[in-house]
Amino acid sequence: MAVVEGSVQDELVIVRRAKGYRLRRAIWLAVLILITAGGGYLYGYFDSYNQVKVLKEEGRYLKDGLRVSEQTINDLSQRVAVLEKGGEVDRQAADDFRSTVKDLRDQVGALEQEVAFYKGIMAPGSTDKGLRVSRIDLEALSGQEYRYAVMMTQVVDNTNFVHGEVAVNIIGTRAGQQEIIALRDLDEAVTELGIPFRFRYFQELKGTLTVPADFTPQQLQVVMQSRGRNSQRVEETRNWNSEGEA
């Protein structure tokens, strides 16, 4: 081919690669992927181990507190019986002791619930596996304000994270008509209909909501929707009484 004088010619460069270059490159890439995957697995394993250890310590602490409270109740009950029998104290003092015993029994009941909660999480042999709404608490504050708490748990054989969204709705009536109000319309801290969650064992959603003065709440509804291969939908509805408890 004729070459025009003064024109720009492209320079052809031939790069010789050693034999087996592509094979070695593929092997190094596979090794890098294996190292990355192994590191991620080890990180998840040790992180899971630490969380299980924390849960077990919490359970031991609650059991110890439960044992001490039960012993205190027994001691006080015996003391009340002795004092009443011997006539060493007046009725008011005996009533004070009874009140103390009642308070301690309430504490024991609360501790038993906490122990049962942790046992439920750490019991993969349970037939009730998967996502659960373990507890819904409502506490009436001043005026139309309520403090709420929703406990979400996962009971599984492995320690994989579960993620998705949870929606909380308040069902009630306004002007004689049924109405459903989303949590984001009652709690300024909530900005989405579906609140993202991600946890391995449990996660608590809590805050303060304000009910409109012309709205009468009747039920609190929680809908959880997980994402991924084994997606799951859980719906729980609790009645709302006059004290603001669900």
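Predicted model: local features only at pLDDT ≥ 70, side-chain atom pairs only at ≥ 80, totals over all residues.
Two strands are said to pair if DSSP finds at least two bridges between them.

Strand 1 and strand 2, the latter covering residues 145–155, run antiparallel and are joined by ten bridges. One of the positions involved is R135, whose bridge partner in strand 2 is M151. Strands of a sheet pair through backbone hydrogen bonds, in either a parallel or an antiparallel manner. Here the two strands belong to an open sheet of three strands, arranged in the order 1-2-6 with antiparallel pairing. Strand 1 (130–140) and strand 6 stand at the edges of this sheet; each has a single partner strand, so one side of each is left without a neighbour in the sheet. From one strand to the next, the twist averages 15 degrees.

Attention may now turn to the charged side chains. Side chains of opposite charge can pair when their charged atoms come close. With a salt bridge taken as a side-chain nitrogen of Lys or Arg within 4 Å of a carboxyl oxygen of Asp or Glu, the count for this model comes to eight.

R174, E179 and D214 are linked in a network of such salt bridges. Between R174 and E179, the closest N and O atoms are 2.8 Å apart. E179 counts as partly exposed because its relative accessible area is 27%. R174 also meets D214 in a salt bridge, with an N to O distance of 3.0 Å. R174 lies in strand 3 (residues 162–174), whereas D214 is found in the loop between strand 6 (202–210) and strand 7 (215–226), so the pair ties together parts that are 40 residues apart in sequence. R174 itself is partly exposed, at 24% relative accessibility, and D214 is partly exposed as well, with a relative accessible area of 45%.

Another salt bridge is formed by E235 and R233, whose closest N and O atoms are 3.6 Å apart. The relative accessible area of E235 is 44%, and this residue is therefore partly exposed. R233, by contrast, has a relative accessible area of 54% and is exposed.

The surface also has a nonpolar feature. I27, W28, V31 and I35 make a nonpolar surface patch of about 440 Å². Among these residues, V31 lies in helix 1, which covers residues 21–86. V31 counts as partly exposed because its relative accessibility is 33%.

Key
Residues numbered from 1 in each chain as written. Heavy atoms only, no water. Patch = residues over 30% accessible without salt bridge, like charges linked within 9 Å, V, L, I, M, F, W, Y side chains within 5 Å. Areas by Shrake-Rupley, 256 points an atom, 1.4 Å probe, with all protein chains shown as cover. Helix = DSSP H or I, 4+ residues; strand = E, 2+ residues; numbered from the N terminus. Buried < 20%, exposed > 50% of the residue type's maximum accessible area, 1.4 Å probe, protein only. Axes fitted to C-alpha atoms, helices over the stretch in contact; angles between N-to-C directions.
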